[in-house]
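Take it one heading at a time and find each part in the structure as you go.

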Amino acid sequence: MKIAIILGTRPEIVKMSSIIRECQRKKLDFFILHTGQHYSYEMDKAFFDDLELPSPKYNLDVGSGSHAVQTGKIMEGIENILMEEVPDVVLVQGDTNTVLAGALAASKINVKVGHVEAGLRSYDRTMPEEINRVVTDHISDYLLAPTGNSKKYLLAEGIPEEKIFVTGNTVVDAVYQNLEIARNNGDVLKKYGLTEKNYLLATVHRAENTDDSKRLRSIFTGFEQVYQDLGLPILFPAHPRTVKMIKEFGLSVPGGISIVHPLGYLDFLQLEAGAKLILTDSGGLQEEACIMGVPCVTLRDNTERPETLRVGSNLLAGVDSNRIFEYAKMMIDKENTWDNPFGDGKAAEKIIIALE
Ligand code: UD1
Ligand code: UDP
């Protein structure tokens, strides 16, 4: 069996890493195709280095662009490579433009598609990610669902049960495989003048938050209220998209909040594990916080990770500054008594078995 692993963004590198390792361990015939959707060192190569992953065999270098331009360029590049390589199956992970383009290009030339992290739904079609995941699920041959809940959503959309495999989420594999390595990788907290459980960690990058000045401003006001009341510093490693929009809107960063460059995975994991609370609109962070026992407040109106709400690790605040403040106060001392709903850290093994 020949497997093409398609990836293009930071979270895909993290969440494909255990699958790549499993392919190496089983000596399978596979190759990595990078679309180049993310390309800055700190959004791309830093992750290959930290996770000690083999370099991609191909990089399409598509870079940034509108949805149609980016998706179109990726499809064209992928089609050429797949025609030459003729893999038995293409694996895509998550909900980015890379995923949609990879799944579409492969399925149209009758190459089987495995969708890792299938069946997530926010039921909000204004999000580009929701469109990407719905379309990808419906053209995939192997729906590698992280939880029973995601399987339930797929069945409700009429996807045949025999195509669905509940595997757990590979984000758990990544946390389990790397947390210890991260802890031995130098003291990143010290570098930022922080001490364990005496700071908050924040990320914001979702288009609906960054590209709307009112929403982004309201998030900052919420952070300011949190800092003034709790007195704990907020470290904010900012996605390039967010940095660009802060400049464009001329927003000033309130005191107590330190905006820094995006961090490598090992440093970032350490900072997540050491945080008292996480404030985020990231999908991956909602999961990682839950897995590592750190309470989370999500800066969105909905989530495709309802498991985190159900177990009590996460609250949905949206972007209203008062609500961010109230929910942060509610969650800050929340004890970690919840179970991790995302699997046992063996998702990659189960995914490869499903393909075999
Ligand atoms: C994409 C995904 C999003 C995912 C996120 C992970 C889509 C539609 N969105 O959003 O679901 O959560 O990746 O981080 O696929 N930029 C750089 N350097 C880079 C990459 C991006 O400077 O390496 C800047 C560019 O200004 C670019 C902007 O960030 O225009 C947005 O990048 P893009 O890949 O379009 O979307 P993300 O916001 O990264
Ligand atoms: N991450 C990182 N450094 C950062 C921010 C995030 O290593 O500065 C990791 C994080 O641990 C998680 C992934 O990137 O594994 C999440 O990516 P992102 O939030 O960009 O995307 P999403 O999960 O929302 O699609």
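## Two crossing helices

The axes of helix H1 and helix H7 (residues 170-183) come within 8 Å and cross at roughly 80°. Here an axis is a line fitted to C-alpha atoms, for helices over the stretch in contact, and angles run from 0 to 180 degrees between N-to-C directions. H1 and H7 are therefore roughly perpendicular to each other, a label that covers angles of 65 to 115 degrees, while under 35 counts as roughly parallel, over 145 as roughly antiparallel and the rest as oblique. On the H1 side, Val-14, Lys-15, Ser-17, Ser-18 and Ile-19 make the contact, and H7 answers with Thr-170, Val-171, Asp-173, Ala-174 and Gln-177. Two residues are in contact if their C-beta atoms, placed from the backbone, lie within 7 Å.

Sorted by class, this contact of H1 with H7 holds four nonpolar, four polar and two charged residues. In this sorting, Ala, Val, Leu, Ile, Met, Phe, Trp, Tyr, Cys and Pro are nonpolar, Asp, Glu, Lys and Arg are charged, and the others, Gly among them, are polar.

## How to read the model

This is a predicted model, in which local features need pLDDT of at least 70 and side-chain atom pairs count only at pLDDT 80 or more, while totals for chains, interfaces and linings use all residues. Residues are numbered from 1 along each chain as its sequence is written, with chains lettered from A and ligands numbered from 1 in the order in which they are written.

Helices (H or I, at least four residues) and strands (E, at least two) are DSSP runs, numbered from the N terminus.

## Two domains

The domain assignment of the chain gives domain 1 (2-166) and domain 2 (180-331); such bounds come from an automatic or database assignment. Taken over C-alpha atoms, the centres of domain 1 and domain 2 are 26 Å apart. Where they touch, 18 residues come from domain 1 and 14 residues from domain 2.

On the side of domain 1 that touches domain 2, helix H1 (10-25) and helix H2 (45-50) each supply at least two residues. H2 gives the most to this side, with three residues. The residues of this side of domain 1 divide into 10 nonpolar, four polar and four charged.

## A sheet of seven strands

Seven strands form an open sheet with parallel pairing, in the order S3-S2-S1-S4-S5-S6-S7. Two strands pair if DSSP finds at least two bridges between them. At the edges are strand S3 (58-59) and strand S7 (164-166), each pairing on one side only.

Look for strand S5 (residues 112-116) and strand S6 (residues 142-145), which pair in the parallel sense over three bridges. Val-116 stands opposite Leu-144 in S6. Helix H16 (residues 347-355) lies across strand S4 (89-93), S5, S6 and S7, and runs at about 160° to S6.

## A sheet of six strands

Another open sheet has six strands in the order S10-S9-S8-S11-S12-S13, again with parallel pairing. Its edge strands are strand S10 (257-260) and strand S13 (314-316), and each pairs on one side only. Neighbouring strands of this sheet are turned by 20° against each other on average, direction ignored.

Strand S9 (residues 234-237) and S10 pair in the parallel sense over four bridges, and Ile-234 stands opposite Ile-257 in S10. Helix H15 (residues 321-331) lies across S11, S12 and S13, running at about 160° to S12.

## Around the ligands

What surrounds ligand 1? Its shell has 20 residues, the closest being Ser-40, Ser-64, Thr-96, Pro-240 and Arg-241. A residue is near a molecule or strand if its C-beta atom, placed from the backbone, lies within 6 Å of it. The elements giving two or more residues to this shell are H1, helix H5 (128-139) and helix H11 (240-249), and H11 gives the most, with three residues. By class, the shell around ligand 1 has five nonpolar, nine polar and six charged residues.

Ligand 2 is surrounded by 15 residues, and Pro-11, Pro-237, Phe-268, Ser-282 and Gly-284 are the closest. Domain 1 and domain 2 both give residues to the shell around ligand 2, so ligand 2 lies between them.
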